[in-house]
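Welcome, and thanks for taking a look at this model with us. Please have the sequence and the 3D view side by side as you read on.

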Amino acid sequence: WTDRRIQEVISARQSIVVTFWPEFVKQKVPKEKSKAERRAAAQVEQRSIAFIHGSGKVRVETLDVFCSAARYAADTRMLYLSHFHGIYLIQPTTGSLLFQLTTKRDSGGGIAPVDVRDNQIYVLAGNGIVYALRHPKV
């Protein structure tokens with residue numbers, strides 16, 4: 001991946017997960033503030049994630065996330081991708097997206113990397129509140 005910048009490398013039980021920085025498209029910003037804001041709001045940040053299984057098989061997925069951070073939990077053998085609007089639960093050996101946890105409330109600036117223990121997902125939101133979520137059944 002000489003053409004991409006690596007953001008994170010996460011070691012999972014039988015695989016390695018690599019997240020890449022998004023590719024930003026350079027464009028001229030309109031001078032009128034409302035037009036510039038509309039253009040910025042229409043931008044979607046896509047994050048490429050490579051899942052490398054122990055056999056050497058590679059699968060690359062692209063997810064629409066903003067400000068992401070990943071964490072692997074050995075107890076559940078799952079990858080948790082925190083981002084500005086929630087958490088994705090991913091099976092790291094296949095790259096399959098199993099669950100999307102989102103909030104209707106303002107998270108106050110995003111979601112920090114989660115912690116998982118005793119069938120609970122502990123989430124620190126940008127507003128300073130720690131949420132204890134019941135883990136979905138896999």
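This is a predicted model: local features need pLDDT of at least 70, side-chain atom pairs count only at pLDDT 80 or more; totals for chains, interfaces and linings use all residues.

## Fold at a glance

Residues are numbered from 1 along each chain as its sequence is written, and side-chain values use heavy atoms, with hydrogens and water left out.

## Dimensions, surface and charge

The C-alpha trace of the protein chain spans about 50 × 40 × 20 Å along its principal axes. Among contacts (heavy atoms within 4.5 Å) between residues at least 6 apart in sequence, 36% join residues at least 24 apart.

The protein chain has an accessible surface of about 9200 Å², and carbon and sulfur atoms hold 51% of that area; the areas come from the Shrake-Rupley method with a 1.4 Å probe, and for residues only the protein chains shown count as cover. Of its 138 residues, 33% count as buried, meaning under 20% relative accessible area, with exposed over 50% and partly exposed in between (1.4 Å probe, protein chains only). There are 20 positive and 12 negative side chains, and the centres of the two sets lie 2 Å apart. Here Lys and Arg count as positive and Asp and Glu as negative, without His and the chain ends; each charge is placed at NZ of Lys, CZ of Arg, CG of Asp or CD of Glu.

## Two nonpolar cores

A nonpolar core is a set of buried Ala, Val, Leu, Ile, Met, Phe, Trp, Tyr and Cys residues joined through side-chain atoms within 4.5 Å. The largest one has 13 residues, and L63, L79, L81 and I90 have the most contacts inside it. Strand 3 (46-53), strand 5 (69-73), strand 6 (78-83) and strand 7 (86-91) each supply at least two residues of this core.

A second, separate core has 11 residues, among them L89, I111, V114 and A125.

## Two loop residues with positive phi

Most residues other than glycine have a negative phi. R77, in the loop between strand 5 and strand 6, has a positive phi of about 55°. This arginine is partly exposed, at 44% relative accessibility.

D118 also has a positive phi, of about 50°. D118 sits in the loop between strand 9 (115-117) and strand 10 (120-124), and is exposed, with a relative accessible area of 63%.

Terms used
Helices (H or I, at least four residues) and strands (E, at least two) are DSSP runs, numbered from the N terminus.
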